[in-house]
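Dear colleague,

Please find the structure below, together with a summary of what was found in it. I would be grateful if you could read the two side by side.

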Amino acid sequence: MFGARGEVGWPGEVNCTSFGIVTEVGGGEKLAASSVEEEMGKEREIKLRIEDLPGLRRWLAKLGARVVRPRLHERNALFDTAEGLLARREQLLRIRTELPAGRSRKDAPRTVVTFKRPISMPRSRENRERHKVREEIELEVSDAKALATVFEGLGMNRWFQYEKFRTTFRLPTSHVWAKGLLIELDETPIGAFLELEGPASAIDRAAKALGFEKRDYILANYMVLYRESCRRRGQEPRDMLFTKGQSGKRAAGSKKSKLFL
């Protein structure tokens, strides 16, 4: 087993990344994963907390997992009105900037703007939902700073920022059960997490193969997980950013990082 049971978040905490229709320009992997979802247009995913990163990598290698998007550094900025209108509606507006982790001067950043909101479901079904299912609209843009200026001109504030390193894997086609499944390894300032995205049956089977149970599924977003981590450590939450000189590898795999879990 490569992780331990994680907390979903504080009681009553607004989960801005709740519940996805995915319309992504310039990033075909995510769109492909959602195309086989049982209910067309919905994105389904969970997080798992990873404590044994080398063990996870050995498991992926054993199953023949291949990297479909090499390790990227992501910088994310969330926007909302001064009154927190989007958060009250369980909506999210985000600008994400991506760069290859081993970037050269020739590499240009990729910027994606994302809007997320809940999908209305009958309460009886919503109570049974064990994965995070959401509507998500994404669009690639050319200028992150210009877009942020537009949002601010419309009365939005940049109220939370977080960064992480992400590597995306797929299992070989010989694993028919894993069709449409994306395996995304996130290295963050509060530890390593695995996101499983795709059909419900594939998510559950992959999680079980890793030694996790359904009670280990994390549906909270990184903002909630970061604030909970700060609360446990008695620290004031700010932005979830790596410290100076701290690499994603160190943040996810060092003994120091395990204190954050």
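Lys132 and Glu45 form a salt bridge through their side chains, with an N to O distance of 3.5 Å. Because Lys132 belongs to strand 6 (residues 132–141) and Glu45 to strand 2 (residues 43–50), this pair ties together parts that lie 87 residues apart in sequence. Both Lys132 and Glu45 are buried. Please note that the model is a predicted one.

A second salt bridge joins the side chains of Glu187 and Arg71, at 3.0 Å from N to O. Glu187 is in strand 8 (residues 182–188) and Arg71 in strand 3, so the two tie together parts that are 116 residues apart in sequence. As to accessibility, Glu187 is buried at 1% relative accessibility, whereas Arg71 is partly exposed, its relative accessible area being 27%.

The side chains of Glu98 and Arg110 also meet in a salt bridge, with 3.0 Å between N and O. This pair links distant parts of the chain, with Glu98 in strand 4 (residues 92–100) and Arg110 in strand 5 (residues 110–117), 12 residues apart. Glu98 counts as buried because its relative accessibility of 5% falls under the 20% cut-off. Arg110, at 12% relative accessibility, counts as buried too.

In total, the structure holds 22 salt bridges. By way of background, side chains of opposite charge can pair when their charged atoms come close.

The side chain of Glu74 makes a polar contact of 3.2 Å with the side chain of Arg96, and another of 2.6 Å with that of Lys164. With neighbours within four places in sequence set aside, the residues in contact with Glu74 are Arg96, Thr97, Glu98, Tyr162, Glu163, Lys164 and Arg166.

**Helix 2**

Helix 2 covers residues 53–62, and its buried residues are Leu53, Gly55, Leu56, Trp59 and Leu60. These lie on the same side of helix 2, because they cover an arc of only 160° around the axis. Arg58, Ala61 and Lys62, on the other side of helix 2, are exposed.

Two further features concern the ends of this helix. Just after helix 2, Gly64 adopts a positive phi of about 75°.

**Met156**

Met156 is located in strand 7, residues 156–170. Is Met156 buried or exposed? At a relative accessibility of 18%, Met156 counts as buried, because the cut-off for that class is under 20%. When neighbours within four places in sequence are left aside, Met156 is in contact with Phe79, Asp80, Thr81, Leu86, Leu93 and Phe151. Between Met156 and Leu85, the C-alpha to C-alpha separation is 9.9 Å in space, while the two are 71 residues apart in sequence.

With kind regards

How values were computed
Residues numbered from 1 in each chain as written. Predicted model: local features only at pLDDT ≥ 70, side-chain atom pairs only at ≥ 80, totals over all residues. Heavy atoms only, no water. Polar contact = N/O pair within 3.5 Å; in protein donor to acceptor, adjacent residues only side chain to side chain. Contact = heavy atoms within 4.5 Å. Salt bridge = Lys/Arg side-chain N within 4 Å of Asp/Glu carboxyl O. Helix = DSSP H or I, 4+ residues; strand = E, 2+ residues; numbered from the N terminus. Buried < 20%, exposed > 50% of the residue type's maximum accessible area, 1.4 Å probe, protein only. Arc of directions from axis to C-beta.
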